[in-house]
Amino acid sequence: MISVKNIHSYYGKSHIIQGLSFDVAPGECFTFLGRNGAGKTTTLRSIMGLVTPKQGSITFGDTDITRMKPYQIARLGIGYVPEERQIFSALSVEENMLIAGRDDAAWSLERIYELFPRLAERRNNMGNELSGGEQQMLAIARALRLDPQLLILDEPTEGLAPLIIDMLLNTIQLIKKEHVTIILVEQNVNATLVVTDQYCILQQGVSVFKGSCNEFCHRPELKEQYLGV
Ligand SMILES: Nc1ncnc2c1ncn2[C@@H]1O[C@H](COP(=O)(O)OP(=O)(O)OP(=O)(O)O)[C@@H](O)[C@H]1O
């Protein structure tokens, strides 16, 4: 699905991502963990063309996307939900979704309301009247309206209450069951266990662990060593 080979990404002269490689197979959930500043968001931004790697390559299917523009990458079928969510506060829930997708999107409003019953209840509320959890649901819903094959989520549970976090992760699992491949960045390690197939732990822009959920669970020292939990 997506293959990242030896990428090096910079902000100005700061060398942030230092030779990162990973492969995500179709239909799986690939989760990045790591302390603040480890380079997780920069990795996602590199995939989306918001930061162009100076070295290395990123291939989506058969297409080399390393130097493509963000809108071209999105049109190939990669949905990106950044940490800031970026929903329109002066538009209703439904308008936020209508502005993003096509009328004939496979992810119709009905299908999305089935996935997020809470959004159906709030369909006429303005963006600025939503709770943090509802805003996150709406941001994901909007990305789905573009029928992505790959959905990239940057810390979707940040700042949310434990019950909402569980609900959101369950919903991500349902999205995965609909054959959408997921790349997730999370600080809430335990919450990700239900949905993750492969983990990658980053430290200072380098991968220090890559392995299946099972392998990760058999290495409890990783949490203390690299995640500070
Ligand atoms: N726009 C920017 N300009 C310069 N440096 C930046 C910029 N954005 C991030 N950085 C730096 O790049 C490094 C990696 O940041 P990044 O946001 O990728 O980390 P992260 O693992 O996602 O952390 P967090 O969990 O805090 O979001 C950090 O040292 C950060 O200070």
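Predicted model: local features only at pLDDT ≥ 70, side-chain atom pairs only at ≥ 80, totals over all residues.
Local features were considered at pLDDT of at least 70 and side-chain atom pairs only at pLDDT 80 or more, while totals for chains, interfaces and linings use all residues. Residue numbers start from 1 along each chain as its sequence is written.

**View 1. The six-stranded sheet.** Here you can follow an open sheet of six strands in the order β6-β7-β8-β3-β9-β10, with mixed pairing. Its edge strands are β6 (78-81) and β10 (206-212), each pairing on one side only. From one strand to the next, the twist averages 15°. Strands are DSSP runs of E with at least two residues, helices are runs of H or I with at least four, and both are numbered from the N terminus. Two strands pair if DSSP finds at least two bridges between them. Helix α1 lies across β3 (29-33), β7, β8 (181-185) and β9 (198-203), running at about 150° to β7. For such angles, axes are lines fitted to C-alpha atoms (for helices, over the stretch in contact), and the angle between N-to-C directions runs from 0 to 180 degrees.

**View 2. Strand β7 and its two partners.** Strand β7 (residues 150-154) pairs with β6 in the parallel sense over four bridges, and five bridges join β7 to β8, again running parallel. On the β8 side, Leu 151 stands opposite Ile 182. Five of the five residues of β7 are buried, so the strand is largely enclosed by the rest of the structure. Buried means 20 or more other C-beta atoms within 10 Å of the residue's own, exposed means 12 or fewer, and partly exposed lies in between, with C-beta atoms placed from the backbone. Leu 150, Ile 152 and Asp 154 sit on one face of β7, and Leu 151 and Leu 153 on the other.

View 3. Gly 79 lies in strand β6 and counts as buried because it has 24 C-beta neighbours inside 10 Å. Beyond its neighbours within four places in sequence, Gly 79 is in contact with residues including Ala 143, Leu 144 and Ile 152; contact means C-beta atoms, placed from the backbone, within 7 Å. The largest nonpolar core has 60 residues, and Leu 138, Ile 140, Ala 141, Leu 151, Ile 152 and Ile 182 touch the most other members. Helix α6 (residues 132-144) gives the most to this core, with seven residues. A nonpolar core is a set of buried Ala, Val, Leu, Ile, Met, Phe, Trp, Tyr and Cys residues joined through C-beta atoms within 7 Å.

**View 4. The shell around the ligand.** Among the residues around the ligand are Tyr 11, Ser 14, Asn 36, Lys 40 and Thr 41; each has its C-beta atom, placed from the backbone, within 6 Å of the ligand. The largest share of this shell, three residues, comes from α1. By type, the shell divides into three nonpolar, seven polar and one charged residue.

**View 5. The four-stranded sheet.** Four strands form an open sheet in the order β2-β1-β4-β5, with antiparallel pairing. Its edge strands are β2 and β5 (63-64). Strand β4 (residues 55-60) joins β5 over two bridges, and Phe 60 stands opposite Thr 63 in β5. Helix α1 packs on this sheet as well, touching β1 (2-11), β2 and β4.

Terms used: Nonpolar A, V, L, I, M, F, W, Y, C, P; charged D, E, K, R; others polar. Contact = placed C-beta atoms within 7 Å.
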